Amino acid sequence: MLAYPLIAGLLFGLYFSLVGIGLNLVFGVMRIVNLAHGDFLMLGAFVGFGVFYLAGLDPLLAVPLAFAIFVLVGIFLYGILIPRLQQSVNPEMLSIILFFGLSQVIEAVMTIMFGTSERSIPSRELGSLISKIGKLLGASPEGGPVVILGQSFPAAWVISAITSVAAIFLVYVYLYRTRLGTLTRAVMSRRDEALATGINVDRVCAAAFGIGLALAAIAGVFAPFMFGSVTPAFGADATVTSFVIVVLGSLGNPLGTALGGVVYGVCYMLVQTYLSSWADLLPYVLLILILLLRPSGLLGRQVRVA
Amino acid sequence: MLKRVIAAFAVGLALASQALAADAPSEIKIGTLYASSGRYASISMPVHSAIKLWVEQKNAEGGVYVKAFDKKIPIKLVAYDDQSNTATAATLYNQLVTQDKVDLLVADSGSVLTAPAVTIARDHKMFLFDQTGTGASFFSKDNPYIALMADPVSTIWPKPIADFLTKDGPALGIKKVAILYSTNEFTGTQATAVRKFIKEANAPIEIVYDQGVPTETTNYTVILNNIRAAQPDAVIHLGYAPNDIAFLRNVQDVGIKFNMLFCIYPGLETELLEKNVGAKGLQHVFTYVPPSEMDYPVNFGMKMADYRKAWDKKYPDGKIEFGFNAVAGYTTALVIEKTLSVATSLDQMELRRAVFSLSGNLKTLDGTFALDEMGGQVGELTPLGQLQLNDHGHIKFVAVYPHDVATGKPVYPKP
Amino acid sequence: MSPDAVPILKVNDLLKRFGGFHALDGLTFHVSPGEILGLVGPNGSGKTTAINVISGLYAPDRGDVVFDGVSVGGMASHKLVHRGINRTFQIPKPFLSLTVRENIAVALAYGRAEVTPPSTAELLVDFHLDAVADRPASELNSAQQKMLDLVRALATRPRLLLLDELAAGLNPTELDWIAGRIKTLAKSGMAIIVVEHLMGFIEQITDRVIVMNAGKEIFEGTLAVAVKVPEVIEVFLGGEHAA
Amino acid sequence: MPSLARHTLFIAVPLLALFAILPGVYNNHLLLFNFVIFLILAQGVNIIYGFTGYLPFGYVGFFGAGAYGFAIMVMHFQSPAPLAVVVAGLVGVALGLLLAPLLRLTGAYFAIANLAAALAVLHFVANPALESITKGPYGVALNGTFNPTMAYNGALIILALTLGIVVFLRNSSFGLALQAVREDAFSASMAGVNVLKMRMIAWLASALVAGFAGGVFAWYVSVFYPDNVFSADFSIFAIVFALFGGVATITGPIVGVVILYGIYNLIGFTTPQYFQLIYGLLIIGLVLFLPAGLVSLATRRGWYVP
């Protein structure tokens, strides 16, 4: 009884790490609260729909595509929104309102274009390319659920979890093994000093913003498999959940998000098992408790209390 | 002097308007709301689209017949977008009543957006044509200003499931039942009803699992594992469309097989569910049989096939699903049309009398319209059915209960 | 000035930790009314931490702060202000969206209740802020912001004033002028502690200095003597601020 | 004339008089009522955000709690409506006290925690386990108190109270001290201001008016679901309205509500289908081009705005 929710929570949680990590990158680097984060997840899901329904390809191929598209979208949006926002007295607060407006625009445009009903992709299509290649190489085609420790889990969960781990690993490589990543960390820890030392902060931030949105979009590709279906109104709830995960891990530390996601996933599954009707209260209570008891998050160091 | 002139003028005006009142208006104003975005958009848009279709159709024929003036009068649909926001909805309902002075007031779809209309209609003594707001709290003996058009009230709706379980179940080998429901008014009330009907039946049926989960739940893997542990013969899942989609996909993905599985929306929004879950995932699922599958004898309005054709012609892009809600909207329109054809005036209490006079007599593509004394819909009941794949791999409905409408035998247990 | 006077502030064996780092490690000193005491030492020696503990930003981990015979260690800042302690900030933090006059008004209204507050007009004139009195503080230059910060402190009529690098960034004319102001304040009976890197300024105004290193006092006396003590020289040469 | 009296006489009194007369002239009373509610909420946001800098992203929590406080008084204690409204305000204050620890957080952390708190209260109230007390998700239908005219008058009284608070804050050293705390808490404490106490008073005042507003709202609508009175739209509208006009003034939020809520209703009546899109674009434009609100058009020129 206990093993099942624990494993499910781990898989679910790893995926949630991916859901939150982009939000955290954007906040960490720019002190900007991207309230439209969930809407970029939703847009990513639609990239997946396009790849599958228009091109007839494995939705997994939408992952690199969504990434490329949304890095560019992010850099573009950065250019038109952020420099102006940063000029104001209190960009951190105003960003909340600004991105709320953006989220309204995205939802409205998508509703006008695609209508309001639920959409998804059949589960077996995710990773169909891999199993085809596997077949060519003579491996036995694996369909249906994946068995872990004698318990069966949806294959899509496992694929999402693996992709999430890969994406988080790449974020780590970017932050700690590339020049731009090192500069990004410098901006994260001391923005003023980074400016003073002549780092092109705008370039660093634009890249981080683009990557942040792109990470949300690739998480979105998996959303139809993790949540059953997606509608243009999907964004708002996804944003709130992302916040919970990010705060759990520690706001401003993208890698803490990985831990936050797993803790969230496991807790959620345990509550669903033992106290199912209260499951929705959990994320908010967790968030408040973490903020009050350990304000820097599970992995945070910075103090953020008044 | 001036005062006297004004007074005389006012009297003249009053007389003139009285004289005008006897004349037929140039149009009948029907006021309603819809949600083009937000949480309730997916249930609101089909209903609203159906009404628009009807209005267009009637106006092309020169309007609807209004008995009060004994002639055909065009309809003017005054519709505002409430964005799924209830405060906005409240203002807009009031706008319809006080500013636009609509002749008939029609609620938005779903209980949450209907709720503000209930109070406003009652306050302004306007009769509310409640389309799909099934909330039990809306209907009370002291409020004559409401009737439910298209969906059965939640407290009666699930009776066929419970009857099937308690009457046919034991013979089939169904002993243990699991109930999983989303904790909102719509499905929560149905769960309560199922529980009550099963208990009252005194049949050898045991409820081995009975849990509510938040309506926002979209992930059922762990819950499925828990249900499996209770070893039920039948699983009744009561949730909204997104819940059903997630639930049925999880059932497939985890590879669990339940001998009997009931969900609401495969029957109500079959197209939507088939698109999201796939035909295979719906095979052998028990559900409500929608009117579109029953081909009810009709004594008013289009038959199902004609309606479907008209719908596909008007909304060819498929952005709005044709399903139970599309039928619900059209049913409301038909009740309105019929009401206008029998009401002797547009007075709101007369409208009420006219609506209630249709109870038991009006047969539309949605079944027989029947109201209880408080205005709750008790006709238009949906039989219990099962989805089976035909030889071409397409889904077909087999009605299994009540027996008088049954079109086949249930497949139990699921092979 | 008068070494026999009863100290108004006594700091006893103060310890303040940040994680494993001891910012203050057994600091003990005192200051009397009318006296100007300089706190000097290399960066990170604990000068600002000492001021922060005395002004109530941090509670000490050990030891005590006794002000006017009452133990005030860990007391909330506003209560210390009401008892007569105030300070300026290394980076001044005036209330940017309020005007200069409103900035002062807050301190006048919430400062020490039992003393007659100084007049706003006088403060404005004394510290050359009268021309900008109705401008938001955000429009002041950095020297003006420092003056406003000082005025905010003075508006509460402190008996002990802590000046954290007030002189940094001022030009020589302004330095001379502010030195004179500080001395006048001390003459009126105020006890003043000055944290400063500019040794010339320290020499000009202080009666006595305490040289700190690693959270401890390593010397106490006049600056003239201090610069001859080998330990002090070593600390300063090792540090970056050998000036 | 002292400015306190001037502001009362020339801003608060005419506004109240206008809304007292309007129902006789204009028939959509609920629209007027919603205007009054948003005036209260926008000024409530002004009290806490404008004067202390805490962005209450979950402000609706107090409103919803107030509405349920009203409902519980009426359903379980057969309380007369005015008494129930008073209790609604007290419920707002009680929730404010419960959430007071959140004031330890700053910036985006506070905003997010407050949002989470509002959602937690929603999911708590809507939980079926509390059906016997709150009616859970099944909604409240109040009998015996329905009286829109009285509820409207009640709302006007609460608006008067709220305006009174804001006029006081704008014209007192208490208000100045609050703003000082907003600008820099430690600096303010070195001006002798008891930072914690001041913040707490502003926080509770803001909670009180929102609780009252929720109470009269429940009185007016009588039939509602948890989703109705905890809708995030209340928080977001109130914040956007207050910001649009300009916070820390008396007139800013009033101008914001009148213009933006006016436009909102106008769009709703005329071009419904692009409602959300236009509104989203309006919000983005506001943040980018008028971050300090409409009043900044005047203050930039050095004019005094009450």
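Helices and strands are here DSSP runs, counted from the N terminus, with at least four residues in state H or I for a helix and at least two in state E for a strand. The model described is a predicted one. On this basis L251(A) falls in the loop that links α10 and α11 (256–274) of chain A. Since a residue counts as buried once 20 or more other C-beta atoms lie within 10 Å of its own, L251(A), with 28 C-beta neighbours inside that distance, is classed as buried. The C-alpha atoms of L251(A) and L23(A) are 9.2 Å apart in space, although 228 residues separate L251(A) from L23(A) in sequence.

Helix α10 (residues 235–249) of chain A crosses helix α12 (residues 281–293) of chain A at roughly 35 degrees, their axes coming within 9 Å, and the crossing of α10(A) and α12(A) is left-handed. On the side of α10(A) the contact is formed by T241(A), V244(A), V247(A) and L248(A), while α12(A) contributes P283(A), L286(A), L287(A), I290(A) and L291(A). Classified by residue type, this contact of α10(A) with α12(A) comprises eight nonpolar residues and one polar residue, with no charged residues.

In the second pair, helix α6 (residues 155–177) and helix α7 (residues 179–189) of chain A pack with their axes 5 Å apart and at an angle of about 80 degrees. Because angles of 65 to 115 degrees count as roughly perpendicular, α6(A) is described as roughly perpendicular to α7(A). Y174(A), L175(A), Y176(A) and R177(A) of α6(A) meet G181(A), T184(A) and R185(A) of α7(A) in this contact, whose residues divide into three nonpolar, two polar and two charged.

In chain B, seven strands are arranged as an open sheet of mixed pairing, in the order β9-β8-β10-β11-β12-β15-β16. Strand β8 (residues 176–182) of chain B runs parallel to β9(B) and is joined to β9(B) by seven bridges; V177(B) has I207(B) as its bridge partner in β9(B). Helix α7 (residues 221–229) of chain B packs on this sheet, where α7(B) touches β8, β9 and β10 (234–238) of chain B, and its direction makes about 160 degrees with that of β8(B). Helix α8 (residues 241–254) of chain B likewise packs on the sheet, touching β8, β10, β11 (260–263) and β12 (285–288) of chain B, with a direction at about 155 degrees to that of β11(B).

Between chains B and D, 31 residues of chain B are in contact with 30 residues of chain D. On the side of chain B that touches chain D, at least two residues each are supplied by β4 (75–81), α3 (86–99), α4 (111–123) and α6 (185–201) of chain B, and α3(B) gives the most, with 10 residues. By class, this side of chain B has nine nonpolar, 19 polar and three charged residues.

In chain C, strand β1 (residues 9–18) and strand β2 (residues 21–31) pair in the antiparallel sense over eight bridges, and R17(C) has H22(C) as its bridge partner in β2(C). The two strands β1(C) and β2(C) form a hairpin with two residues between them, and G19(C) in the turn has a positive phi of about 65 degrees.

Terms used: Residues numbered from 1 in each chain as written. Chains lettered and ligands numbered in written order. Predicted model: local features only at pLDDT ≥ 70, side-chain atom pairs only at ≥ 80, totals over all residues. Axes fitted to C-alpha atoms, helices over the stretch in contact; angles between N-to-C directions. Parallel < 35°, antiparallel > 145°, perpendicular 65-115°, else oblique. Contact = placed C-beta atoms within 7 Å. Nonpolar A, V, L, I, M, F, W, Y, C, P; charged D, E, K, R; others polar. Pairing = 2+ DSSP bridges. Left-handed = near helix turned anticlockwise from the far one by under 90°. Buried ≥ 20, exposed ≤ 12 C-beta atoms within 10 Å, placed from the backbone.
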